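Work through the following exercises with the structure at hand. Each task is followed by a solution in steps.

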Amino acid sequence: MTVDQATVATETGARVATGRARPETGRANFLQVVRVIWMREVLIYVRDRPRMISAFIMPIMMLVMFGEGLGNSIATLPGDIGYRQFIFPGMVAMIVLMNSVFSGVSIVTDRQFGFLREILVAPVSRSAICIGKIAGGATIALVNGLVMFVMAPILGIDISLEIVGKLIPLIILVSIMLTGLGVAMGSRLRSVESFQMISQVAIFPAMFLSGIFFPINNIPAWMDVIVKINPVTYAVAPIREIALSEQLSALPADAPFQITHVDWFGYTLSTWEEIGIVFVFAVAMLTISIRAIRTTE
Amino acid sequence: MPPSVQVSGLSRRFGEITAVDDISFDVGEAEIFGFLGPNGAGKTTTISMLCTLLRPTGGRATIGGHDIVDDPAGVRREIGIVFQDSTVDERLTARENLVFHGELFGMAREDIRPRAYHLLDRVGLVERSNDPVITFSGGMRRRLEVARGLMHWPSVLFLDEPTVGLDPQTRRSIWAYARSLRDTEGVTIFLTTHYMDEAEACDRVAIMDHGKIIALDTPDRLKARLGGDVVSIAGPDNEGLAREVRESFEVEPRFENDAVEFNVEQGGEFLPILLNRIEGEVRSVGIRAPTLEDVFVTMTGHQIREAEASEEDKMRSMRQRGFGRMR
């Protein structure tokens, strides 16, 4: 790049070509910012081949390990619901949980690369940045969840397209709740290592004490308390209720509630009530993450 | 022309430490304005405040008429920033980095691609537009950052140590581009540096030390302030020579490069007198025109600590090339 007469001439030419010397750059509108942040998250994900491939390997591994291994030693379930069928919706919730929370790591890596500064100095609303990040993480989590359904027939799981369609909005809601947690964590933590440590410390109890692996109707009292305050519990229950709606409706009247629905001191929550609780958690997480992004530097 | 940057009484304290201490200055439109000073002088802190990344603890400043505290969004639209450390996304391509920036700054869709092409062309990266930045050298990354900083037609471009850790060729090309920006587009360029030769190339230089601006003028006038020439003498006993010079000629000698240096009005006429009068052994003498380094040393009483800076340069250039970075 040497500046001689020729390049100065092109310079002037290019300015003529673009029309204006210095157009007024308006303030980017909220949705434009959300869209561009979301697009970058998705673009980076799509380019990361190993991450894509592992999304397909994970469900097979999970179902074989838990479905076959754990299934043989777990108490029998009512009706003809096999353990594999029972655990499949839980696996979907688990994949969504892990992908959602881990997506918050992108804020940590952006900070390490210095790219976060590029985003934070732009004259845009921090809420838009946060919502864009959450939209990106939720999209990736949703895609990973959907991969499970694509693999379902191969894995011998019985699930109809209609049910998958019903589950998508719920999975989006769950992803927003959990990505919000990831984003809030990502904007507070400074290293990838600490993010991984803390998210594992958070994910493991949330995963095992949520009804993903076993029915929560017959557990010790202390565990019951943790299960009931665990937001993931309220996500797993409706996902399973919808996914198994056909099998559950074939059971005797009171049986399905025992293995899926959350019970509050004798009051059994309906599917919609559980979804309502997820919604409340999602709004809370969204608020917390926006606040975290607003005050980060 | 109205000044594009106006600063009055700007201060920043971090607890007990005053990083920037009550500084005031104006920067004109289409001017290359340099902040010269050692690391830790408060240059980056000042730039961070002007770029609205850091709130001042005192004083005020406006850029293009926008107040840095009251209207940060206005300021941010007005300025382009090239940080000391890389802030490009290396997983995206060069073009994607620019497009992302354009979208973030609310540029019109039809302006983004032509502008990105034009700037990539200007910084000599147009053939690499679609390559991921991870494949770029440190110099290419820096050029990309300059292009990105200019995407949204800023009127002031901030360059924080823009050429640290770069090869001489890239340094020259960045400077050539900076000048052409000033001349053809009227962009004001505000840079920090601890390189003397870069400071010399600025239209005006503010010398900063310990958070204060100790001098502000054109490089020529700053040097003229010292008056005359710099005389240097060296011998086996420099301490003794310095004592003699101080007593006989009433000048304030300083030690530099294993020699005793001081300023006099007419170096050529002074030299014979000096050699006649001085009694200690002299092995070499020299006269030269003063540099900004001399101005700095005279005004602060210490050197700009090049050695320390160059160690840091090496580290930084390694980081920019992607060595030793944690993923």
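**Exercise 1.** State which strands of chain B helix α11 lies across, and its angle to β9(B).

Solution. Helix α11 of chain B covers residues 292-300. Helices (H or I, at least four residues) and strands (E, at least two) are DSSP runs, numbered from the N terminus. Helix α11(B) lies across β3, β9 and β10 of chain B. Its direction is at about 40° to β9(B), where axes are lines fitted to C-alpha atoms, for helices over the stretch in contact, and angles run from 0 to 180 degrees between N-to-C directions. The model is predicted: local features need pLDDT of at least 70, side-chain atom pairs count only at pLDDT 80 or more, and totals for chains, interfaces and linings use all residues. Residues are numbered from 1 along each chain as its sequence is written, while chains are lettered from A and ligands numbered from 1 in the order in which they are written.

**Exercise 2.** Give the strand order of the open six-stranded sheet in chain B and identify its edges.

Solution. The order is β6-β7-β8-β3-β9-β10 (chain B), and the pairing is mixed; two strands pair if DSSP finds at least two bridges between them. The edge strands of chain B are β6 (79-82) and β10 (212-217), each pairing on one side only. From one strand to the next, the twist averages 15°. Helix α1 (residues 43-50) of chain B also packs on the sheet and touches β3 (32-36), β7 (156-160), β8 (188-193) and β9 of chain B. The direction of α1(B) makes about 150° with that of β7(B).

**Exercise 3.** Describe how β9(B) is joined to β10(B).

Solution. Strand β9 of chain B spans residues 204-209 and runs antiparallel to β10(B). Five bridges join the two strands. In one of them, B:Ile207 has B:Ala215 of β10(B) as its bridge partner.

**Exercise 4.** Classify the packing of α8(B) and α11(B) by angle, and list the residues in contact.

Solution. Helix α8 of chain B (residues 219-226) packs on α11(B) at an angle of about 55°, with the axes 9 Å apart. Therefore α8(B) is oblique to α11(B), given that angles under 35 degrees count as roughly parallel, over 145 as roughly antiparallel, 65 to 115 as roughly perpendicular and the rest as oblique. From α8(B), the contact (C-beta atoms, placed from the backbone, within 7 Å) involves B:Pro219, B:Leu222, B:Lys223, B:Arg225 and B:Leu226. From α11(B), it involves B:Leu292, B:Asp294, B:Val295 and B:Thr298.

Terms used
Two residues are in contact if their C-beta atoms, placed from the backbone, lie within 7 Å.
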